[in-house]
2 protein chains.
Amino acid sequence: MHLHQRQYSHTQFGRRQELKLKEHFRVIKTCPETRARIGELITPHGIITTPAFMPAASQGTVKTLTPQEVQGIGISIALSNTYHLYLRPGIETIQKLGGLHRYMAWDGPILTDSGGYQIFSLAALRQIDDEGVLFRSHIDGSEHFLTPKIVIEFQEKLGADIIMSLDECVAYTDDVSIVRRTMERTHLWAERCLRYHKGNQFLYGIVQGGVFPELRRQSVNVIASLNFSGYAIGGLSVGETKELTWEIVNETAALLPKNQPHYLMGMGSPEDIVTGVALGIDLFDSALPTRVARNGALFTKAGRRNIRNAAYKTKDAAIDTECDCYTCRTFSAAYLHHLFKCEELLAYRLATLHNLRFIVRLLQEIKDNIRQGTFGVFQKDFLTHYQPTDQEIRINQKQKWLKSKENT
Amino acid sequence: MHLHQRQYSHTQFGRRQELKLKEHFRVIKTCPETRARIGELITPHGIITTPAFMPAASQGTVKTLTPQEVQGIGISIALSNTYHLYLRPGIETIQKLGGLHRYMAWDGPILTDSGGYQIFSLAALRQIDDEGVLFRSHIDGSEHFLTPKIVIEFQEKLGADIIMSLDECVAYTDDVSIVRRTMERTHLWAERCLRYHKGNQFLYGIVQGGVFPELRRQSVNVIASLNFSGYAIGGLSVGETKELTWEIVNETAALLPKNQPHYLMGMGSPEDIVTGVALGIDLFDSALPTRVARNGALFTKAGRRNIRNAAYKTKDAAIDTECDCYTCRTFSAAYLHHLFKCEELLAYRLATLHNLRFIVRLLQEIKDNIRQGTFGVFQKDFLTHYQPTDQEIRINQKQKWLKSKENT
């Protein structure tokens with residue numbers, strides 16, 4: 001059987017070139033109490049109803065799952081990392097094999113990030129100036145140089161539906177001069193990315209400015225004055241407190257153009273999504289739901305539950321008795337506990353399936369409530385019952401993770 | 001949602017107690033040239049057409065796969081290890097949760113082994129006498145004592161369809177006195193297992209005798225004189241050469257009662273299955289197809305292919321262009337290569353799916369050829385084209401594996 005006979009099917013939308021899509025986003029419904037809204041994101045590989053969550057398909061796969069399963073859960077768009085794919089298998093390899101959609105057999109929309117975040121969090125940074133960034137691979141230590149132009153070319157070759165401009169990220173700091181410098185370079189690179197963008201992808205700009213409201217305001221002014229298809233808030237959840245994160249999201253999101261999509265980068269826990277939607281966020285991405293799943297932390301309406309806990313050893317019911325995912329429909333918490341205790345690979349799949357399905361169902365509830373005008377009540381109710389992970393634990397985990405430079 | 005609402009469905013056969021099954025096996029068709037035959041194995045959870053292969057579900061899961069997938073591939077019976085399940089989660093835990101079928105959500109037939117092989121290959125053996133065996137767990141070093149009676153009780157509590165008597169295994173040796181002693185103890189235990197067997201499972205006896213034809217003959221005489229539902233050849237593929245293995249299988253299988261199922265324990269590579277069927281084997285089990293899959297070795301009609309090989313980096317076709325499995329229908333060899341290079345968990349699933357589907361399709365071809373009277377030609381043709389793994393590599397791998405006492 002040859003490759004052209006493989007199951008991969010072209011989407012109803014066909015290639016963007018043929019369609020000459022113009023409109024990318026429209027707001028369908030707004031919440032009377034909060035900034036929450038329902039929107040439609042039009043891409044060459046399908047229309048996504050927002051708010052939407054993008055699971056991490058960093059290396060061209062949502063870890064542990066097949067594209068068929070990801071689609072079956074109800075995930076409508078995946079996020080891949082240009083940095084990871086550049087290092088392995090290489091951008092040209094994917095291009096030769098027909099682009100990222102065909103390579104990973106996912107015919108839904110894909111967003112690729114520019115690699116900025118990974119270069120700063122995973123790679124060994126060697127040198128950075130207005131031209132670009134020299135870094136060493138976290139895999140083999142080899143040296144690489146990326147520029148705004150190269151990063152746009154890479155993303156065009158991958159063929160994602162939505163691509164991101166290159167930004168400079170820094171870990172949380174209260175040194176305003178450092179943050180201002182990285183913000184200004186992000187602005188310079190944003191202009192260059194737009195200039196070099198020739199493909200049919202929708203290109204988004206990224207607002208930086210750390211935890212400084214005045215810098216965030218300046219950054220929105222610059223980025224929103226450029227002709228991007230969408231606007232992302234970057235540089236958050238990098239070590240600051242949750243209160244500070246939301247203060248900045250609140251102030252920044254309020255300034256973004258209302259008729260464009262708003263994307264909060266790198267955040268996507270259940271509580272993040274509910275809170276972010278209320279502040280006007282349309283798109284979320286995070287490796288958290290899938291990463292914590294592999295650690296045995298499963299979402300429920302009451303908060304995360306650790307399936308490794310001895311209490312589950314003989315629990316005959318599903319881990320989340322309200323859930324309709326394959327895992328909860330099929331297996332007892334006791335069995336899932338056993339798989340985790342034995343480090344069976346099936347454990348990580350079943351937990352990932354559950355957490356992603358939990359997020360999809362949460363987004364469905366959010367959308368239903370926005371439609372019915374009851375999102376304000378829903379938000380309060382959800383956050384009252386959902387016990388978030390302790391902030392100290394959270395920040396420790398994050399810093400540990402950033403330090404270990406693990407692959408997400 | 002409560003457990004009784006989970007997807008697990010009772011088989012058409014219902015509980016064995018209700019059916020009072022008597023017949024367990026019937027031969028449907030024999031090959032005019034070889035000892036190959038098609039049979040039907042009747043169990044409380046369904047009828048299996050033999051020759052059949054049982055993938056290892058050692059800890060209550062075919063590694064990386066859901067029961068839904070295992071069934072979808074066409075696997076009709078799974079093998080679980082009493083030793084593993086006894087140590088984790090514990091026999092009583094599974095019994096309380098409704099038995100092994102319900103615990104692992106597999107409603108097809110299950111065979112459990114007695115734990116004999118694992119005690120000798122994985123655990124630290126402390127002491128063995130006619131009463132039973134004292135050993136230390138390979139997980140935590142805790143001490144345990146198993147007897148023929150206990151092992152039968154355990155398997156009855158697990159509720160498998162086919163259970164095995166306790167045998168004593170030794171690694172390959174040319175010391176006939178050692179082999180005779182272990183064989184005689186195996187015979188003693190076989191009688192005890194039969195005596196203590198109260199449940200409705202089909203209990204099989206195990207023939208031992210190492211690589212000594214005379215001992216094998218004695219062992220068949222003793223074991224076949226007892227009232228077992230099936231007969232297994234144990235104690236092979238434990239370090240001897242492949243030639244010696246087949247010489248012993250050939251001589252032993254010829255002596256087994258013709259109207260009973262013949263089970264060759266611990267062997268199940270493609271070439272083993274084709275050769276074993278020709279010698280009159282009906283049932284195979286092995287962790288090999290799933291274990292080598294996780295190492296990146298994929299079956300094709302020409303032999304195993306290592307997907308990590310650089311030649312696959314840009315190969316646009318499926319790894320096995322003749323295969324109809326999900327992996328081959330959906331992904332290029334290049335993508336699978338990438339997943340293995342990145343150690344993505346999806347890699348191990350996709351490779352496992354392929355190897356098991358390869359075995360199922362091979363068994364289908366074998367059965368078709370037996371039905372058509374062409375199995376002799378098929379066997380020669382298959383073994384001419386299939387390049388087996390080099391014997392030296394194979395024995396080294398096996399000894400390394402036995403030494404490392406890894407979990408299979």
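## Helix H10 of chain A

The buried residues of H10(A) are Thr245(A), Ile248(A), Val249(A), Thr252(A) and Ala253(A). A residue counts as buried if 20 or more other C-beta atoms lie within 10 Å of its own, as exposed if 12 or fewer do, and as partly exposed in between; C-beta atoms are placed from the backbone. Seen down the axis of H10(A), these buried residues fall within an arc of 115°, so they line one face of the helix. The arc is that of the directions from the helix axis to the C-beta atoms.

H10(A) covers residues 242–253 and lies across strands S11 (202–207), S12 and S13 of chain A. H10(A) runs at about 160° to S12(A). Axes are lines fitted to C-alpha atoms, for helices over the stretch in contact, and angles run from 0 to 180 degrees between N-to-C directions. The cover over the buried residues of H10(A) includes S11, S12, S13, helix H9 (213–224) and helix H11 (270–278) of chain A. Contact means C-beta atoms, placed from the backbone, within 7 Å.

## Model and numbering

This is a predicted model: local features need pLDDT of at least 70, side-chain atom pairs count only at pLDDT 80 or more, and totals for chains, interfaces and linings use all residues. Residues are numbered from 1 along each chain as its sequence is written, while chains are lettered from A and ligands numbered from 1 in the order in which they are written.

Helices (H or I, at least four residues) and strands (E, at least two) are DSSP runs, numbered from the N terminus.

## Helix H9 of chain A

H9(A) buries Leu215(A), Arg216(A), Ser219(A), Val220(A) and Ile223(A). Seen down the helix axis, they fall within an arc of 140°, so they line one face of H9(A). Those residues pack against helix H8 (176–196), S11, S12 and H10 of chain A. Exposed Glu214(A) and Asn221(A) sit on the face turned away from the buried side of H9(A).

## The sheet of chain A

Chain A has an open sheet of 8 strands with parallel pairing, in the order S4-S14-S13-S12-S11-S10-S6-S5. Its edge strands are S4 (52–55) and S5 (78–81), each pairing on one side only. From one strand to the next, the twist averages 25°. Two strands pair if DSSP finds at least two bridges between them.

S12 (residues 230–233) and S13 (residues 262–264) of chain A pair in the parallel sense over 3 bridges. Tyr231(A) has His262(A) in S13(A) as its bridge partner.

## Chain A as a whole

Chain A comes to 17 helices and 16 strands. Its radius of gyration is 21 Å, close to the 22 Å that the globule rule gives for 408 residues, so chain A is as compact as a globular protein of that length. The radius is taken over C-alpha atoms; the rule is 2.2 Å times the number of residues to the power 0.38.

Buried residues make up 53% of the 408 residues in chain A. Among contacts between residues at least 6 apart in sequence, 68% join residues at least 24 apart.

## Chain B

In chain B, 41 residues are in contact with 41 residues of chain A. Elements giving two or more residues to this side of chain B include helices H4 (91–96), H5 (100–104) and H15 (345–371). H14(B) gives the most, with 5 residues.

Strand S5 of chain B (residues 78–81) is buried on both sides: Ala78(B) and Ser80(B) point one way, Leu79(B) and Asn81(B) the other. S5(B) pairs in the parallel sense with S6(B) (residues 110–113) over 4 bridges. Leu79(B) has Leu111(B) in S6(B) as its bridge partner.

Key
Contact = placed C-beta atoms within 7 Å.
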